[in-house]
Every structure is written in C-alpha cells, then in structure tokens.
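Here are a few exercises to work through with the model open beside you. Try each task on your own before reading its solution.

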Amino acid sequence: MEDFTLVAVVAVALFFDFTNGFHDTANAIATSVSTRALSPRAAVLSAAVLNFAGAFVFLQVAATVATGIVNPDVITLDVVLAGLVGAITWNLITWYIALPSSSSHALIGGILGSAIAANGFDVVNWEGLKDKVLIPSLLAPLLGLIGAAALMTVLLWIIRKRAPGVVNRVFRRLQLVSGGFVAFTHGTNDAQKTMGIITLALISSGHLAAEPFHVPTWVIVSAATAMAAGTYAGGWRIIKTLGTRVAKLDPPQGFAAQTSTAVILWVTARYGFPVSTTHTISGSVLGAGASTRFSAVRWGVAGNIVVAWILTIPCAAAVGALMETLTRLPGGVVIVLALVTMIAASAFVGRNLEARRIRAAMATA
C-alpha cells in the first residue's frame with residue numbers, strides 16, 4: 001500500500017506542478033501580451049520552453065521545501081498527499097475567479113495544514129518558515145514595486161525626447177528578452193517547489209536519505225516537464241487580470257516590470273527562498289504602472305489580489321488538514337485521490353471553455 005501511495009503522491013505532485021504552470025503562466029507573459037510584444041500563443045510557447053530550462057539551474061528552493069519548513073522525520077506519505085490536494089484545490093479556486101494568488105503559498109499552506117493535523121504544531125520549523133518563506137514573500141512584491149518604479153523613472157528620462165512610436169517598437173523587442181528572463185527564473189523558483197515535495201515524499205518513505213540533500217535526476221526532469229506543459233496550457237483568465245485589469249501598461253512599463261521581477265526571482269532562487277512569483281510580478285506591475293500616473297493602476301483590483309494573498313496559506317492549510325483527516329478513514333487515500341481526480345476533470349473542462357472565450361476576446365480587442 002505504501003508503494004501505491006508513493007506513486008499517487010508523485011502523480012499528484014506533478015499534477016500540482018502542471019496547475020502551477022497554467023496558474024502562473026501570466027507571471028511570465030501577461031505584460032508581453034498586454035503590450036502586444038508577443039501574440040498569446042507565441043508567448044505561451046516561449047515561456048514553456050524557458051520554464052523547462054530554468055528548472056535545472058538551482059536546487060536551493062527544493063531543499064527549503066523538503067527539509068526547511070516541516071520536520072521530514074515525522075512526515076508520512078498521507079500527509080504529503082493531503083497537503084498537495086489542499087494546494088491544488090486553492091490554486092483552482094483562485095484560477096476560476098481569475099485572481100493571481102500564490103501557488104507557492106498554496107503548496108506551503110497545504111503541507112502545513114496536513115502536517116499540523118497529523119502531528120500538531122511542533123512539526124513546523126517556525127524559524128525556517130519565518131526566515132525562508134514569510135519575510136522574503138513580504139519583501140519580494142515590495143522590492144518588485146520599488147525596482148520597477150525606479151527603473152521606469154530612469155527609462156522615462158532616457159526616452160523623454162524620443163518619438164513614442166519608435167520607443168514602443170524598441171521596447172516590444174526588448175520585452176522578448178525581459179519576458180524570457182521572467183519565464184526562465186520562474187522555472188528556477190517554482191519548479192523547485194514540486195521537486196522539494198517529491199523529495200520529501202521519497203525521504204518520508206525511506207527511499208532517500210535526508211542528509212546529504214539530493215534531488216534525483218528523474219525528479220528534476222519530471223517536474224520541469226510538468227511545469228512546462230502547464231505553462232503551455234495557459235491560464236488565460238489570470239493573464240487577462242494581470243495583463244490588463246491591474247494596470248494598462250505600455251512597452252517600456254512592461255519591460256521595467258519584467259526586468260524587476262526576473263532579477264528578484266533569480267536572487268531568491270539562488271538563496272533558497274520559495275517566494276511567490278505571482279506576488280513579485282504583481283508588485284512590479286503596480287510599480288511600473290504607478291510610475292507614470294498613479295491613477296493608471298486599478299487599485300480596487302489590486303486590493304482584491306492582496307486579499308487573496310492573505311487568505312492563501314490559511315485556506316490551503318484548512319483544505320490540507322481536511323484531506324489529512326480523510327486519509328485516516330478506511331480507503332482514505334482512494335477517497336482523496338478520487339477528489340483530486342474530480343477537481344482535475346473540472347479544471348480541464350473549465351479551462352478549455354474559458355480559454356476559447358478569452359482568446360476570442362483578445363483577438364477582437
């Protein structure tokens with residue numbers, strides 16, 4: 001039964017990685033699409049390829065997720081499975097209502113909730129949670145906002161005497177680079193989180209030693225592939241929210257937002273901070289939008305996004321705790337797997353219908 005549960009955990013983890021990819025597609029391409037630097041399909045394809053490549057660069061984030069947040073010695077496969085289902089459920093809820101919430105926080109919240117439900121609060125590494133997750137995740141969007149606003153201020157001075165048409169053409173080309181950098185660094189950060197969860201499952205089942213920390217090659221390739229596939233599938237609802245409803249960006253602003261985001265994601269991945277790419281790009285979009293005209297930002301939409309950020313960890317934790325309780329029932333693992341299968345089916349049906357509608361709306365915009 002344990003081998004079956006391990007296989008189930010790996011499969012569900014890769015499905016989470018897939019949902020992370022389509023949920024966070026907007027992080028890499030929304031600004032490029034909104035400024036018409038790339039068509040939606042070309043942007044999604046390039047983001048998928050670069051997400052895949054970025055997953056092979058660092059492993060520090062994977063180490064944080066696997067060993068730095070909860071005590072891996074007392075974590076069971078049932079706990080990991082329940083936490084994953086909690087994260088997937090919250091990802092799909094926020095995707096459905098078109099709010100760019102954090103897949104990272106959903107994953108961490110789900111695992112925290114299921115671990116606490118099974119073992120109590122002592123299982124949590126509170127110091128690691130504070131230093132590696134909470135503080136960096138608060139700083140990342142703030143630094144994104146400041147960085148994008150500062151870069152945009154410099155760019156405005158440089159282009160102040162240039163013709164708008166020439167400026168926009170140049171920065172649409174530059175967005176091919178900045179958007180690609182975001183997609184690449186998204187892979188260095190977010191794909192690592194699924195690698196960490198699968199590695200945690202391998203450690204808890206005795207298939208891998210906790211020390212020294214090691215991520216098997218097949219785990220890296222699998223997580224990178226699932227992330228890329230999800231990115232190609234595309235989260236069109238969130239692309240629309242992040243690309244057009246938070247702030248209407250021109251190409252220089254899109255370039256500033258993407259560059260600020262990519263630099264922050266590169267640094268945080270290098271030092272093992274599993275920050276939210278969604279938080280970071282949202283902060284950068286706000287900074288770039290507000291740098292030219294404060295009223296250009298739709299602050300009501302931004303406020304709704306902040307509410308989603310605040311709710312993500314506790315809501316995902318609550319679902320994770322509920323799923324962990326279900327795993328204790330006779331046939332509990334099968335029940336949880338049935339639930340996640342139903343969630344997956346609903347997501348695919350909803351995504352296909354919504355993607356057609358939003359692509360049609362973008363084509364006529």
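**Exercise 1: a side chain and a backbone oxygen**

Which residue's backbone oxygen lies 2.7 Å from a polar atom of the side chain of T199? Then describe the surroundings of T199.

*Solution.* Keep in mind that you are working with a predicted model.

Step 1. Start by locating T199, which lies in helix 8.

Step 2. Look for the backbone oxygen in question: M195 provides it, 2.7 Å from a polar atom of the T199 side chain.

Step 3. Check the accessibility. The relative accessible area of T199 is 0%, and the cut-off for buried is under 20%, so T199 counts as buried.

Step 4. List the neighbours. Leaving aside residues up to four places away in sequence, T199 touches A66, L208, F213, H214, V215, P216 and V219.

**Exercise 2: helix 4 against helix 8**

At what angle do helix 4 and helix 8 pack, and how far apart are their axes? Work out how to describe their relative orientation.

*Solution.* 

Step 1. Find helix 4 at residues 60–67; its axis is 7 Å from that of helix 8, and the packing angle is about 45°.

Step 2. For the handedness, helix 4 passes helix 8 in a right-handed crossing.

Step 3. Now colour the residues that make the contact. Helix 4 contributes Q60, V61, A62, V65, A66 and T67, while helix 8 contributes N189, Q192, K193, M195, G196, I197, T199, L200 and I203.

Step 4. Sort the residues of this contact of helix 4 with helix 8 by class: 8 are nonpolar, 6 polar and 1 charged.

**Exercise 3: helix 5 against helix 8**

How closely do the axes of helix 5 and helix 8 come, and at what angle do they cross?

*Solution.* 

Step 1. Select residues 77–96 for helix 5 and residues 164–204 for helix 8; their axes come within 9 Å and cross at roughly 160°.

Step 2. The crossing of helix 5 with helix 8 is left-handed.

Step 3. On the helix 5 side, L77, V80 and L84 take part, meeting I197, L200, A201 and S204 of helix 8. By class, this contact of helix 5 with helix 8 has 6 nonpolar residues, 1 polar residue and no charged ones.

**Exercise 4: the whole chain**

How many helices and strands does the protein chain have?

*Solution.* Counting gives 14 helices and 0 strands. Of the 365 residues, 56% count as buried.

Note on methods
Residues numbered from 1 in each chain as written. Predicted model: local features only at pLDDT ≥ 70, side-chain atom pairs only at ≥ 80, totals over all residues. Heavy atoms only, no water. Axes fitted to C-alpha atoms, helices over the stretch in contact; angles between N-to-C directions. Helix = DSSP H or I, 4+ residues; strand = E, 2+ residues; numbered from the N terminus. Left-handed = near helix turned anticlockwise from the far one by under 90°. Contact = heavy atoms within 4.5 Å. Nonpolar A, V, L, I, M, F, W, Y, C, P; charged D, E, K, R; others polar. Buried < 20%, exposed > 50% of the residue type's maximum accessible area, 1.4 Å probe, protein only. Polar contact = N/O pair within 3.5 Å; in protein donor to acceptor, adjacent residues only side chain to side chain. Parallel < 35°, antiparallel > 145°, perpendicular 65-115°, else oblique.
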